[in-house]
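Please keep the structure in view while reading.

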Number of protein chains: 2
Amino acid sequence: MSLKYAMLGFLSYQPFSGYELKATFDDSVRHFWPADQAQIYRTLAELTKDGWATMEVVPQEDRPNKKVYYITEAGREALRGWLAKPLPLQDHRSAELIQVFFAGQLTDEQALAMFERFAQEYRAGLASLYQIPEQIKAYEDMVGSSREAFFWMLTLEHGIHSTRAVLEWLESVIERLKNKQVPQG
Amino acid sequence: MSLKYAMLGFLSYQPFSGYELKATFDDSVRHFWPADQAQIYRTLAELTKDGWATMEVVPQEDRPNKKVYYITEAGREALRGWLAKPLPLQDHRSAELIQVFFAGQLTDEQALAMFERFAQEYRAGLASLYQIPEQIKAYEDMVGSSREAFFWMLTLEHGIHSTRAVLEWLESVIERLKNKQVPQG
DNA sequence: TTTTAATATATGATTAGACATATATAATAT
DNA sequence: ATATTATATATGTCTAATCATATATTAAAA
């Protein structure tokens with residue numbers, strides 16, 4: 001239930017409607033925690049039921065009314081507790097690596113195409129990470145905490161470092177394929 | 001449904017029972033695709049229903065009988081098709097990075113403890129990756145293909161490279177925390 | 001003027017995966 | 001003798017997440 005705590009995290013900065021939360025996820029943590037719109041609304045209902053948030057309907061003239069959610073003191077405690085607590089060991093799944101694992105069944109040409117596709121995707125991913133600092137600056141002004149912004153930047157650093165590492169690996173694989181250094185039998 | 005294709009991949013090497021497949025997953029692709037025992041048995045049933053595998057009961061004297069699954073020609077085609085086909089863009093979730101993103105709410109001491117925990121886990125993960133080449137050698141003898149083994153090794157390289165990159169990042173974060181280089185407000 | 005886009009919330013259905021548990025056989029260890 | 005471990009398969013239940021779709025309002029664009 002990390003989504004619950006991620007949502008509490010944002011609500012600890014300021015109140016949000018579901019629609020605003022979705023947009024906020026999309027331009028901050030999307031690269032390591034994409035959030036589904038339907039799930040956000042359902043989880044807001046859960047947070048309210050848990051007593052971790054309260055809801056207020058805000059009438060708007062120029063737009064449809066919205067439901068704004070406020071974190072409660074119990075919510076803040078739950079968040080702090082979760083942040084300080086060790087996570088159960090997570091495991092990551094990668095369908096790409098399954099394709100790599102069995103790529104011996106492809107021709108060298110097909111394998112090369114596969115790795116070049118991956119490299120292209122990772123380069124695009126890296127490029128999109130480079131856009132994030134601007135968004136962080138905007139949120140920093142909003143939240144007014146350079147400490148918070150520091151840790152946001154760390155998640156970006158993580159993304160850049162690990163993406164670069166994967167890209168270097170991909171490029172070395174591509175090299176080996178091009179140089180016919182891959183066993184045929 | 002990557003699990004289905006991963007299972008087809010192993011079945012393309014040789015027939016397996018569900019129990020044997022589970023063991024094989026555990027010492028080959030576990031680090032990027034952990035497989036649940038129950039799911040393996042259910043997916044074997046699906047593969048059979050799809051016409052991608054057939055089943056034969058093998059009586060054993062010294063052990064309980066087993067159901068051995070054989071890939072069909074249709075299964076091989078499905079596997080080759082999937083391997084050559086671009087995957088829909090995958091997204092990775094990381095609860096750890098959610099904790100990092102909101103770690104500004106912790107004290108420096110708590111944050112330091114968190115990052116040192118992560119570093120410990122990644123070091124342990126790296127150590128376990130170093131054990132894999134032996135297993136790969138064993139399977140290489142079984143499958144008798146240095147080409148297959150080459151691609152298995154690539155997934156290991158990937159794990160080592162990206163884990164090292166994350167570890168370097170973690171160590172730089174730990175440094176900054178120890179040197180009081182993290183903004184307080 | 002009609003359509004499209006943005007804002008806003010909600011529900012129904014499905015799936016992949018996780019977790020618990022049940023059952024059974026045979027070998028081994030205490 | 002008894003308990004544990006390894007081998008072997010199976011089912012029930014739950015949850016997180018996905019996908020499709022529905023509804024409604026207002027502004028902007030065609």
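## The interface between chains A and B

In this predicted model, 55 residues of chain A are in contact with 55 residues of chain B. On the side of chain A that touches chain B, the elements that give two or more residues are helix H1 (2-13), helix H4 (73-84), helix H5 (95-101), helix H6 (108-130) and helix H8 (146-178) of chain A. The largest share of this side comes from H8(A), which contributes 17 residues. By class, the residues of chain A that touch chain B divide into 28 nonpolar, 18 polar and nine charged.

## The surface near DNA strand C

DNA strand C is surrounded by 24 residues, and the closest are A:Tyr19, A:Ala38, A:Lys66, A:Lys67 and B:Ala38. Both chains take part in this surface: at least two residues each are supplied by helix H2 (18-26), helix H3 (37-50) and strand E3 (66-71) of chain A, and by helix H1 (2-13) and helix H3 (37-50) of chain B. The largest share, four residues, comes from H3(A). The surface near DNA strand C has nine nonpolar, six polar and nine charged residues.

## The surface near DNA strand D

Around DNA strand D there are 24 residues, of which A:Ala38, B:Tyr19, B:Ala38, B:Lys66 and B:Lys67 come nearest. The elements that give two or more residues to this surface are H1 and H3 of chain A, together with helix H2 (18-26), H3 and strand E3 (66-71) of chain B. H3(B) gives the most to the surface near DNA strand D, with four residues, and by class the residues of this surface divide into nine nonpolar, six polar and nine charged.

## The sheet of each chain

Chain A holds an open sheet of three strands in the order E1-E3-E2, with antiparallel pairing. Strand E1 (16-17) and strand E2 (53-58) of chain A stand at the edges with a single partner strand each, so one side of each is left without a neighbour in the sheet. E1(A) and E3(A) pair in the antiparallel sense over two bridges, and A:Phe16 has A:Tyr69 in E3(A) as its bridge partner. Helix H1(A) lies across E1, E2 and E3 of chain A and runs at about 90 degrees to E3(A).

In chain B, an open sheet of three strands has the order E1-E3-E2, again with antiparallel pairing. Strand E1 (16-17) and strand E2 (53-58) of chain B are at the edges, and because each has a single partner strand, one side of each is left without a neighbour in the sheet. The antiparallel pairing of E2(B) and E3(B) extends over six bridges, and B:Glu56 stands opposite B:Val68 in E3(B).

## Packing of two helices in chain B

Helix H6 (residues 108-129) and helix H8 (residues 146-178) of chain B pack at an angle of about 160 degrees, with their axes 9 Å apart. Because angles over 145 degrees count as roughly antiparallel, H6(B) and H8(B) are therefore roughly antiparallel to each other. Their crossing is left-handed.

Residues that make the contact include B:Phe115, B:Phe118, B:Tyr122 and B:Leu126 of H6(B), and B:Ile160, B:Val166, B:Leu167 and B:Ile174 of H8(B). Charged residues also take part, among them B:Asp108 and B:Arg123 of H6(B) and B:Arg164 and B:Glu171 of H8(B). The residues of the contact of H6(B) with H8(B) divide into 16 nonpolar, three polar and five charged.

Technical notes: Residues numbered from 1 in each chain as written. Chains lettered and ligands numbered in written order. Predicted model: local features only at pLDDT ≥ 70, side-chain atom pairs only at ≥ 80, totals over all residues. Near = placed C-beta within 6 Å. Contact = placed C-beta atoms within 7 Å. Pairing = 2+ DSSP bridges. Axes fitted to C-alpha atoms, helices over the stretch in contact; angles between N-to-C directions. Parallel < 35°, antiparallel > 145°, perpendicular 65-115°, else oblique. Left-handed = near helix turned anticlockwise from the far one by under 90°.
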